[in-house]
Amino acid sequence: MKDLWFFLKLFKPHSGWLAAGAFLSLLTAFASIALLTLSGWFISSSAIAGLVAVDGNALVFNFMLPAAQIRALAISRTLGRYGERVVTHEATFRVLAGIRSWFFQQLVPLAPGRLPAMRSGDLLSRMTADIDALDALYLRLVAPAVVAAIGVTAVIVFLAFYSPLISLTTGIMLVIASVVLPWVFNRLGREGAEEIVVLAANFRIRQIDMMQGLADLIANQAYGRFSGFLEQFSNLMINTQRRNNRLSAISSAFTLLLSQIALLMALVLAAVSFKDGLLSGSDFALVVFCVIAAFELVMPLPQAMQMLAKTQKAASRIRQVADMPPTIKLGTATDCGFCQPFPPGEGWGEGGQRPTKALPASYDLQLNDVSFRYPDQQNFVLKNISLTIPQGSKIAIVGANGSGKTTLLHLLMRYYDPGQGSILLAGHNLKQFDVDELMTCFGVLSQRSQLFAASIKENLLIAKADSSTTELDTAIKAAGLENFIGYLPEGLDTWVGESGLKVSGGEARRIALARLYLKNAPVLILDEPTEGLDVETERDLFTALADFARDKTVIMVTHREAGLGLVDIVYGMERGVLRRL
Amino acid sequence: MQLTETDNQTYFDKSKAREKTCSAWLKEQGKTVRKPILFAAMAGIVNGSGIIAQSAALAFIMQAIIIDKLSSASVITPVMALGAMFILRSFCVYLHQTWGFEAGAQVRETVRQQLFAKLRAIGPAGIKQRQSGELAAVTLEQVDALENYFSRYLPQQTIAGALPVIMIIVVMPVNWVAGLIFLLTGPLVPVFMALVGMGAASANRSQFLAMARMSGYFLDRLQGLETLKLFGQATSELANINKIADGFREKTMAVLRIAFLSSAILEFFSAVAVALVAVYAGLGLLGLIHFGPAQHISLSEALFVLLLAPEFFMPLRQLAINYHDRAAALGAADAILAILEQDADALDIGSACVSQSGQTSLIEYNNASKSYDKRQVLTDINLRIAAGEKIALAGESGAGKTTLLNLLLGFEAATGGQVLLNGLTINRERAAKAISWVGQNAYIFHGSIKDNIALADPDASEQSIINAAQAAGVTEFSAQLPEGLLTPIGERGYGLSGGQVQRIALARAFLKNASIVLLDEPTANLDAANKALLLDVIDQLFIDKTLIIATHDPLVINRMDRRIELQQGRLVS
């Protein structure tokens with residue numbers, strides 16, 4: 001509940017839209033109930049008045065007003081429904097946009113240290129889905145609940161004018177149908193719902209297992225066994241869902257039954273009052289029709305209750321991620337418009353001043369006795385590493401997967417802070433520099449070349465937003481992209497990435513290389529720069545790099561032999577220990 | 001970085017064509033569950049008929065009490081009937097929901113089976129391009145997203161077609177003017193349904209697409225946050241995200257404002273029907289209208305048609321609501337079809353048997369070539385391997401060693417020539433029977449060490465598993481683990497060293513006891529001491545087998561009887 005409340009507070013800037021949406025919903029519901037109620041009253045009044053008229057007496061019933069009211073209600077119900085849908089959707093889109101930018105802001109300090117773990121676990125895409133799920137919070141939860149609460153109260157008060165007893169019984173039934181019943185059935189279904197979460201998690205783990213080990217499974221004739229197992233899991237899930245669905249079906253049946261019982265009671269009570277002369281014939285019909293129409297108010301609530309659990313989970317997952325402490329200690333960030341104030345103590349100490357030391361003129365890097373382990377792991381990834389990389393020197397670190405090479409690079413760029421020892425840039429601890437400023441020193445080429453869903457040009461401009469056409473051309477030529485781009489009908493404006501042109505690994509790497517040229521940073525970090533490329537592209541890439549890196553510091557990590565010609569010194573890394581080869 | 005107008009348009013157009021394919025596929029799936037869908041629809045129709053009967057009873061009772069002033073005793077029967085209707089309708093609501101569920105459940109079950117079969121057919125090479133997390137999301141969440149289309153939308157479609165017709169048929173004899181009002185305000189139900197369909201569909205589509213596109217954009221930037229930060233663009237990107245979201249909101253709302261008109265029209269007719277019926281019946285009762293049956297209308301008739309007026313439009317309104325389920329199912333179908341439509345090579349269970357001229361070797365490559373697009377990886381490989389040979393497959397990394405082995409395993413199909421095993425064209429099943437394979441990164445599954453060793457033969461005896469573990473040197477480290485061979489080990493062999501994983505994989509291959517053994521760079525991640533140990537183990541384990549080791553390690557090459565060298569995809573010795 002706390003999590004939902006948190007997000008509701010984020011809704012605040014859009015409260016005008018939200019309130020307007022709820023108001024229009026209420027107006028529509030009111031018109032809808034009033035239309036039926038008034039119609040019922042009008043018909044029976046007419047019947048009674050008609051009887052009198054037939055008997056020969058003068059017609060005393062003013063039929064013009066209610067007939068006009070009925071027409072007015074019909075129109076306002078139509079307009080209200082339309083307005084409600086437009087306004088509530090407008091509100092939802094605004095709210096979601098707000099949550100997205102809030103989440104992005106929360107994530108900025110977490111990148112890049114925390115990001116890889118989220119990416120591999122598919123966590124990010126789940127997060128995006130979770131944020132989308134929050135649209136239900138207003139549209140299906142808050143708005144119907146507000147409408148139901150106000151509407152039910154109004155109906156109860158209205159009925160009390162005619163018959164307090166009917167008002168009471170109907171009120172009780174409405175509350176049972178809208179609050180008690182969904183609550184009871186939610187409780188009954190909770191076990192099953194939790195069971196599904198566990199089953200689904202197991203299913204996911206086993207399937208990921210199966211996909212990653214597919215070659216081993218097929219080669220060992222074990223695929224059928226594993227997929228059969230998963231199908232069993234699927235059946236278990238469906239069986240649990242079946243039980244839950246049965247519960248919810250029973251709950252819907254009960255809701256209907258309750259509304260009908262309320263109607264029956266109203267009918268009987270009204271009949272009794274009528275006999276006793278407490279209720280006129282036309283009011284009899286009015287009360288009955290009002291009770292029938294009133295249940296429309298609570299119809300969306302059982303569904304809203306189910307939504308509640310789901311939305312709650314999404315909200316708490318988003319907050320878990322957003323509340324993670326960054327992997328490095330930062331001062332007070334100034335570029336963080338309206339972030340939450342960060343909890344004092346953990347992760348945010350050191351006086352709260354953003355370090356502003358200007359970047360030095362030289363880029364000598366030095367590691368003094370650096371050891372490091374990831375926060376959630378026991379083993380040290382790097383052990384007592386001391387290394388000096390003077391400006392302009394070129395080194396390579398070779399070693400098997402998992403030996404700690406990439407971690408070393410990440411420490412240099414301050415994705416993490418070392419647990420022990422220190423890393424110096426021109427004699428100053430890295431922590432003394434502003435993180436963003438520090439990043440401008442490094443040009444990175446890695447096996448993951450991130451292309452954004454944008455045009456090639458925009459993808460290049462990330463590196464240097466104000467690049468001139470000549471600069472772009474030079475970078476493209478240097479990266480060997482000339483032919484590739486010349487061949488595309490839309491040239492530089494070709495859309496790449498998601499839903500765009502499929503770019504091969506080699507071409508993506510060349511685009512990353514062009515970015516490297518544009519950024520023109522003094523220190524080049526090459527993390528397995530040719531992994532996954534064919535021999536030819538690899539050769540081209542290193543030829544291009546050799547030229548570009550002439551006056552720059554090069555720190556390359558690789559487990560391939562190609563490219564070692566680029567460097568002067570080769571280090572070997574084995575289980576976190578570095579030695580010169 | 002902004003989305004341009006044209007791009008947006010092409011995106012919408014492209015998705016429209018795709019939507020047709022997906023919608024056809026959904027219909028195809030619906031055919032297999034006609035029965036439960038029909039039952040669910042029937043329950044809904046009976047429920048609707050119950051409403052008619054209930055309205056009649058209610059109208060009768062009110063007439064009896066208000067106008068005819070009958071005693072309470074005389075309305076007991078209709079009140080009982082009313083009660084009976086309540087129970088019947090509640091029961092129908094239950095049945096409607098449970099039958100509907102069965103339709104969705106059956107589809108989901110079969111689609112999951114299809115997906116699993118397809119993933120096997122695509123094989124390891126084809127599946128490499130996709131993230132396993134994404135694949136799991138398809139078989140899990142996306143398949144689940146199909147449920148409501150079959151359990152709710154399709155039954156409701158039938159109900160919305162049938163119920164209004166039934167109501168008109170019932171109302172006509174009672175009061176043909178009211179019947180006519182129904183008929184005219186819902187201008188011939190099918191026309192209306194098309195209107196609802198188009199409006200709701202376009203509303204849903206644009207809303208769905210806007211959401212999908214926005215979260216796609218958002219996800220794209222989140223995933224690239226590291227890169228953005230590297231180039232100091234994270235903060236400026238935030239402004240972009242907001243701008244894009246705003247642009248999308250405006251464009252989507254422009255579409256929605258029009259699309260919502262269709263539901264407003266539905267709402268309008270529904271409200272107008274109620275109003276018209278009420279005014280007509282009311283004025284008729286007053287004796288002010290002399291058109292149609294108005295003169296002789298009774299209160300019960302008037303109340304009956306008034307009660308039915310809102311119910312007449314209920315099924316259509318419900319259908320409009322369920323359109324959301326359809327949009328969700330279409331999105332899911334898109335993701336599912338992306339896998340089901342992927343081409344599988346014929347190697348899964350390919351059957352063509354080829355007897356070749358001359359004598360049969362155990363393994364034979366005849367002019368085998370392999371290329372990816374333009375890139376030639378293997379060129380005209382001619383190679384014969386006899387039973388019992390011990391072969392080193394040498395070559396630089398990238399020379400094509402792994403591809404050569406993959407062709408033999410059936411993981412990849414040759415683009416030219418053929419690969420034969422015992423004189424028969426290779427396929428995965430044959431290969432899996434005849435070959436034990438340990439890849440460069442042997443995969444360790446969730447489970448115990450023992451389960452992992454017994455992968456090929458889960459029924460292997462305790463003793464034979466222990467023997468294999470001992471022979472491959474697994475027991476040397478498993479003895480130090482808390483539960484020995486039964487110790488659970490997780491994803492990617494978490495907690496085990498590279499050498500230990502290799503040993504488990506070797507024990508796995510040994511236990512399988514196939515006549516051919518392929519090892520791909522078994523010593524790649526090992527230091528010198530471990531390397532020597534492992535090679536001794538390999539020598540002992542596979543002494544009576546045909547052994548092929550892909551390696552560029554001279555130490556390994558020297559131990560083998562025959563050396564085959566690949567250079568840039570060609571055999572050189």
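This is a predicted model: local features need pLDDT of at least 70, side-chain atom pairs count only at pLDDT 80 or more; totals for chains, interfaces and linings use all residues.
Two strands are taken to pair if DSSP finds at least two bridges between them.

In chain A, A:Phe372 stands opposite A:Leu382, a residue of strand S2. The two strands concerned, S1 (residues 365-372) and S2, pair in the antiparallel sense over five bridges. They belong to an open sheet of four strands, ordered S2-S1-S4-S5, in which the pairing is antiparallel. Strand S2 (382-389) and strand S5 (428-429) of chain A each have a single partner strand and are therefore edge strands, with one side of each left without a neighbour in the sheet. Helix H12 (residues 405-412) of chain A lies across S1, S2 and strand S4 (420-425), and runs at about 120 degrees to S1(A).

The domain assignment divides chain A into domain 1 (2-322) and domain 2 (365-580). The C-alpha centres of these two domains of chain A are 52 Å apart.

**Chain B: overall content and sheet**

The secondary structure of chain B consists of 18 helices and 12 strands. Of the 573 residues in chain B, 50% are buried. Where contacts in chain B link residues at least 6 apart in sequence, 81% of them join residues at least 24 apart.

An open sheet in chain B is formed by six strands in the order S6-S9-S10-S3-S11-S12, with mixed pairing. Its edges are strand S6 (435-438) and strand S12 (570-571) of chain B, each of which pairs on one side only. Within this sheet, strand S3 (residues 390-394) and strand S11 (residues 562-567) of chain B pair in the parallel sense over four bridges. B:Ala394 stands opposite B:Glu565 in S11(B). Helix H11 (residues 401-409) of chain B lies across S3, S6, strand S9 (516-520), strand S10 (546-551) and S11, and its direction makes an angle of about 150 degrees with S9(B).

| Helix | Strands crossed | Angle and reference strand |

**Nonpolar core and a buried serine**

In soluble globular proteins, nonpolar side chains tend to be buried together. The largest nonpolar core in this model has 334 residues, and those with the most contacts inside it are A:Ile43, A:Val288, B:Met62 and B:Val277. Helix H10 (residues 299-340) of chain B contributes the largest share of this core, 21 residues. Neighbours within four places in sequence aside, B:Val277 is in contact with B:Ala178, B:Ile181, B:Val305, B:Leu306 and B:Ala309.

B:Ser263 is found in helix H9 (residues 234-285) of chain B. Is B:Ser263 buried or exposed? B:Ser263 is buried, because 22 other C-beta atoms lie within 10 Å and the criterion for a buried residue is 20 or more. The C-alpha atoms of B:Ser263 and B:Ala320 are separated by 7.6 Å, although the two residues are 57 residues apart along the chain.

**The interface between the chains**

Contacts between the chains involve 115 residues of chain A and 111 residues of chain B. On the side of chain A that touches chain B, helix H9 (residues 223-275) of chain A gives the most, with 22 residues. The residues on that side of chain A comprise 61 nonpolar, 29 polar and 25 charged.

Methods: Residues are numbered from 1 along each chain as its sequence is written. Chains are lettered from A and ligands numbered from 1 in the order in which they are written. A residue is buried if 20 or more other C-beta atoms lie within 10 Å of its own, exposed if 12 or fewer, and partly exposed in between; C-beta atoms are placed from the backbone. Two residues are in contact if their C-beta atoms, placed from the backbone, lie within 7 Å. Axes are lines fitted to C-alpha atoms, for helices over the stretch in contact, and angles run from 0 to 180 degrees between N-to-C directions. Domain bounds come from an automatic or database domain assignment. Ala, Val, Leu, Ile, Met, Phe, Trp, Tyr, Cys and Pro count as nonpolar, Asp, Glu, Lys and Arg as charged, and the others, Gly among them, as polar. A nonpolar core is a set of buried Ala, Val, Leu, Ile, Met, Phe, Trp, Tyr and Cys residues joined through C-beta atoms within 7 Å.
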